[in-house]
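I opened the model today and kept short notes. The entries follow in the order I looked things up.

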Amino acid sequence: MKKNQSATLEMRYYNIPKDEYVLALYGESWIRNYEYIMHIHNLMEIGMCVQGSGNMWLGEESIRYAPGTITIIPEGFSHSTESDDEFSSGWEYFFLDVNRILYCFYPEDEFFRNDLEEMINRRAWCITEDKYPELASLLALLMDEVRQKDVMYRECQKGLCQNLLLRIVRMNEDVIEEEKYTAVEKRDMKQIQPAIDFIHEQYGREIKIAELAGSCHMSESHFRRKFEECTRMTPVEYLNSYRIKKACDMIRENKGSMADIAEMTGFLSISTFNRNFKNIFGVSPNQWKKNSDYYRKKLNKINVLVKKGW
């Protein structure tokens with residue numbers, strides 16, 4: 001981290017316009033003297049430097065930037081832009097909701113979406129357009145669609161965003177080969193999809209594994225093997241994680257006491273609910289409620305300030 005700087009980290013929130021797939025920030029207001037302020041975003045940020053120079057801070061790493069530099073910053077990744085002294089820099093930005101875009105293309109396969117999202121958010125990038133010309137071309141096309149708003153521009157945005165995210169998957173896969181990470185592959189979920197649907201519809205009541213196996217017309221033993229093969233989770237692990245996910249939605253919407261929410265999400269006791277919640281988030285439901293974004297991003301030992309954009 002830059003010397004003599006506060007350990008405070010700003011969280012900046014952006015909202016994508018309704019019916020749009022990206023938020024684009026560009027123009028004269030983005031030509032400025034960028035000062036060192038470490039921050040994170042609630043969305044993925046992709047930046048393109050159009051003038052000036054300085055340092056891009058990705059966590060504690062500092063990288064020089066100049067016109068033609070492209071940055072890819074995952075949601076929740078700490079970073080800062082710092083212009084050279086007495087000189088202004090010009091940037092253009094896209095903000096994307098990765099989860100929402102992936103859902104548009106893979107609505108019925110949450111496990112494939114999760115794999116893709118993990119790969120997309122694996123690291124931040126500060127690169128040059130001459131080394132990644134196809135990526136630069138995609139960003140230029142996307143900016144044209146945003147500016148011109150021609151016929152079917154929203155659908156064109158959607159397709160360009162998918163292409164962009166899949167290229168980031170490729171980039172990340174290339175640099176983590178040494179980790180022996182298995183490439184993301186779309187798995188055949190058809191055989192267990194009835195059980196997934198059953199859980200999504202009936203999570204609020206007691207569910208037996210035999211019921212899930214029966215919905216897929218399988219024996220329990222075969223169902224357990226097939227489910228874990230497809231999801232990398234046991235049926236009980238998936239059921240509990242889905243219940244906790246729904247519980248988080250209810251907590252945010254203040255839909256009752258913790259005991260009420262535990263019952264509504266199918267847990268037989270508040271102690272079972274608390275235990276499963278802590279297994280996933282590392283904190284109790286009440287601790288999570290106080291600052292859900294803090295725990296969701298696991299921003300430990302840092303003071304998080306909340307701001308709305310720049």
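Is Cys126 buried or exposed? I find Cys126 buried, at 18% relative accessibility; buried means under 20% relative accessible area, exposed over 50%, partly exposed in between, with a 1.4 Å probe and protein chains only.

Ground rules next. I am reading a predicted model, where local features need pLDDT of at least 70, side-chain atom pairs count only at pLDDT 80 or more, and totals for chains, interfaces and linings use all residues. Residues are numbered from 1 along each chain as its sequence is written, and side-chain values use heavy atoms, without hydrogens and water.

I checked confidence. The protein averages a pLDDT of 86 (the predictor's confidence in each residue, from 0 to 100), and 87% of the residues score at least 70. Residues 178-183 fall below 50. That stretch has seven contacts (heavy atoms within 4.5 Å) beyond near neighbours in sequence.

I looked for disulfides (cysteine sulfur atoms within 2.5 Å) and found zero. For Cys126, the nearest cysteine sulfur is that of Cys49, 9.2 Å away.

I turned to two helices, taken as DSSP runs (H or I, at least four residues) numbered from the N terminus. H8 (residues 235-252) packs on H10 (residues 270-281) at about 95°, axes 10 Å apart. Axes are lines fitted to C-alpha atoms over the stretch in contact, and angles run from 0 to 180 degrees between N-to-C directions. I call the pair roughly perpendicular (65 to 115 degrees). H8 contributes residues including Ile244 and Cys248, and H10 residues including Phe273 and Phe277. Cys248 is buried, at 7% relative accessibility.

Key: Angles under 35 degrees count as roughly parallel, over 145 as roughly antiparallel, 65 to 115 as roughly perpendicular and the rest as oblique.
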